[in-house]
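Please look over the model shown here before reading on. The notes below go through it point by point.

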Amino acid sequence: MQYWVDPSESHLGEGTIWTEFADEGHAIRQVEEYDGKWFSSRDDSEDECWLYDGNIKDLDMSESQEITKENFEIVWQKSA
């Protein structure tokens, strides 16, 4: 597993996105935060947050930072 955080810009504004990727490169869980409001892939919504459906190898990760599983789990719990 790999865990990444990076800046995000969407119809919700500017925020932060945290993603858990399987070893094969596809996203398993995802959390987004915009202006103090949390969204997660456990509650996928077309109007809010949805799980990335591509492969990590296809992403520009130049502004991303790899994080620990523990850090991802903290954010995952905050988004509940």
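1. Ile67 touches Tyr3, Trp4, Val5, Trp18 and Phe72, leaving aside residues up to four places away in sequence. Contact here means heavy atoms within 4.5 Å.

2. On the source: this is a predicted model, in which local features need pLDDT of at least 70 and side-chain atom pairs count only at pLDDT 80 or more, while totals for chains, interfaces and linings use all residues. Residues are numbered from 1 along each chain as its sequence is written, and side-chain values use heavy atoms, with hydrogens and water left out.

3. The largest nonpolar core has eight residues in all: Tyr3, Val5, Trp18, Val31, Ile67, Phe72, Val75 and Trp76. Strand 1 (2-10) and helix 1 (69-78) each supply at least two residues of this core, and helix 1 gives the most, with three residues. A nonpolar core is a set of buried Ala, Val, Leu, Ile, Met, Phe, Trp, Tyr and Cys residues joined through side-chain atoms within 4.5 Å. Buried means under 20% relative accessible area, exposed means over 50%, and partly exposed lies in between (1.4 Å probe, protein chains only). Helices (H or I, at least four residues) and strands (E, at least two) are DSSP runs, numbered from the N terminus. In soluble globular proteins, nonpolar side chains tend to be buried together.

4. The structure holds four aromatic pairs. Tyr34 and Phe39 form a tilted one, at 6.2 Å centre to centre with 55 degrees between the planes; Tyr34 is buried, and so is Phe39. Ring pairs also link Tyr3, Phe72 and Trp76 into a cluster. Rings of Phe, Tyr and Trp (its six-membered ring) pair if their centres lie within 6.5 Å; planes under 30 degrees apart count as stacked, over 60 as edge-to-face and the rest as tilted.

5. Which charged residues sit over the ring of Trp76? The charged end of Arg29 does, 4.8 Å from the ring centre. Arg42 lies over the face of Trp76 too, at 3.9 Å from the ring centre. The criterion is NZ of Lys or CZ of Arg within 6 Å of the ring centre and within 35 degrees of the ring normal.

6. Arg42 also makes a polar contact, side chain to side chain, with Ser40 (3.0 Å). Such a contact is a pair of N or O atoms within 3.5 Å; within protein, one must be able to donate a hydrogen and the other to accept it, and residues adjacent in sequence count only if both atoms are side-chain atoms. Ser40 is found in strand 4 (residues 37-40) and is buried, with a relative accessible area of 2%.

7. Strand 1 runs antiparallel to strand 2 (residues 13-21), joined by nine bridges, and the two form a hairpin with two residues between them. Pro7 has Thr16 in strand 2 as its bridge partner. Two strands pair if DSSP finds at least two bridges between them.

8. Six bridges join strand 2 to strand 3 (residues 27-34), again antiparallel, and Ile17 stands opposite Glu32 in strand 3. This hairpin has five residues between its strands, with Gly25 in the turn at a positive phi of about 105 degrees.

9. Two loop residues remain. Lys57, in the loop between strand 4 and strand 5 (65-66), is exposed at 69% relative accessibility. The C-alpha atoms of Lys57 and Gly25 are separated by 6.8 Å, although the residues are 32 apart along the chain. Asp35 lies in the loop between strand 3 and strand 4 and is exposed, with a relative accessible area of 81%; although not a glycine, Asp35 has a positive phi of about 50 degrees.
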